[in-house]
Amino acid sequence: MEIKDKVVVITGGAGGLGLAMAQEFASQGARLALIDVDQEKLERACADLGATTEVQGYALDITDEEDVVAGFNYILEDFGQVNVLVNNAGILRDGMMIKAKEGLVTDRMSFEQFQSVINVNLTGTFLCGREAAAAMIHSKQAGVIINISSIAKAGNIGQSNYSASKAGVAAMSVGWSKELARYNIRSAAVAPGVIATEMTAGMKPEALERLEKMVPVGRLGQAQEVAATVKFIVENDYVNGRVFEIDGGLSM
Ligand code: NAD
């Protein structure tokens with residue numbers, strides 16, 4: 001799909017990887033609809049991007065079904081069509097499922113800690129994907145849905161919630177690639193490794209340093225490197241149902 005003049009919706013578009021994607025699409029002449037729960041950050045991002053392209057912000061929580069349905073209705077009203085969705089919004093709330101000392105259980109991951117990550121990363125991706133597919137069908141044009149998974153989908157210590165959500169996101173992308181092809185909608189996922197953003201800046205420096213040493217190319221990834229992969233998927237009409245690991249070789 002040629003990107004110029006297409007309407008690209010990016011969730012979590014106000015910062016980190018989402019903002020890098022927005023900048024990449026803006027440089028290709030896309031029209032942008034950015035969804036984010038952080039209104040202030042969203043306004044700043046829209047003001048910056050507005051210098052180069054048409055952009056609208058939609059401040060909403062992707063875990064709220066009514067908000068998501070209304071948000072996509074507004075996007076259709078404002079832009080007249082939806083061509084691309086990048087389901088990028090995500091959160092981390094790491095913790096061990098259980099901790100014990102000398103045979104006594106000292107801590108558990110709370111239900112809320114588990115559920116909040118599943119709600120944003122998995123349920124939010126489902127809700128936005130469903131509404132975007134409806135909007136794409138309504139637009140009577142080809143569509144592409146890209147979901148941002150993570151190499152944590154393989155399963156990580158301290159990430160019961162995050163790993164499960166990201167494995168779910170990868171599986172859902174493959175399912176959608178089969179289910180939506182009949183409507184001329186492609187779907188794929190990108191599974192980044194450790195990328196330098198606010199999300200990773202929140203990690204313990206020792207843990208980050210340890211991870212960096214494990215990456216075969218010897219460094220963290222850059223947001224632009226993930227954005228370039230997302231752009232490649234949109235532009236190549238024969239890409240469908242794949243999960244692209246962009247991780248400097250970390251998950252090999
Ligand atoms: P980030 O925290 O910098 O940005 C995430 C954005 O999502 C924020 O702007 C936040 O406000 C928004 N958001 C959070 N909850 C939301 C909600 N309920 N509704 C709407 N918006 C919401 O994170 P990032 O590092 O840019 O990560 C982007 C995506 O990439 C996430 O899905 C993350 O899991 C994934 N990922 C990141 C890395 C990494 O190393 N940074 C690695 C693998 C995967």
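Val7, Val9 and Thr11 point one way from strand 1, Val8 and Ile10 point the other way, and all are buried. A residue is buried if 20 or more other C-beta atoms lie within 10 Å of its own, exposed if 12 or fewer, and partly exposed in between, with C-beta atoms placed from the backbone. In a regular strand, side chains alternate between the two faces of the sheet. Strand 1 is mostly covered, with five of its five residues buried. Strands (E, at least two residues) and helices (H or I, at least four) are DSSP runs, numbered from the N terminus.

The model is predicted: local features need pLDDT of at least 70, side-chain atom pairs count only at pLDDT 80 or more, and totals for chains, interfaces and linings use all residues. Residues are numbered from 1 along each chain as its sequence is written.

Strand 1 pairs with strand 2 (residues 31-36) in the parallel sense, over five bridges. Two strands pair if DSSP finds at least two bridges between them. Ile10 has Leu34 of strand 2 as its bridge partner. Strand 1 also runs parallel to strand 4 (residues 84-87), and three bridges join them. Here the bridge partner of Val8 is Val84 in strand 4.

Strand 1, helix 1 (residues 16-27) and strand 2 make a right-handed β-α-β unit. A crossover is right-handed if, with the strands pointing away from the viewer, the path from the first strand over the helix to the second runs clockwise.

Of the 30 residues around the ligand, Gly12, Gly16, Gly90, Thr197 and Met199 come nearest. A residue is near a molecule or strand if its C-beta atom, placed from the backbone, lies within 6 Å of it. The shell divides into 13 nonpolar, 12 polar and five charged residues. Ala, Val, Leu, Ile, Met, Phe, Trp, Tyr, Cys and Pro count as nonpolar, Asp, Glu, Lys and Arg as charged, and the others, Gly among them, as polar.

Most residues other than glycine have a negative phi. Asp5, not a glycine, has a positive phi of about 70°. Asp5 lies in the segment before strand 1 (7-11). Asp5 counts as partly exposed because it has 13 C-beta neighbours inside 10 Å. Asn184, also not a glycine, has a positive phi of about 65°. Asn184 is found in the loop between helix 5 (160-179) and strand 8 (185-192). With 14 other C-beta atoms within 10 Å, Asn184 is partly exposed.
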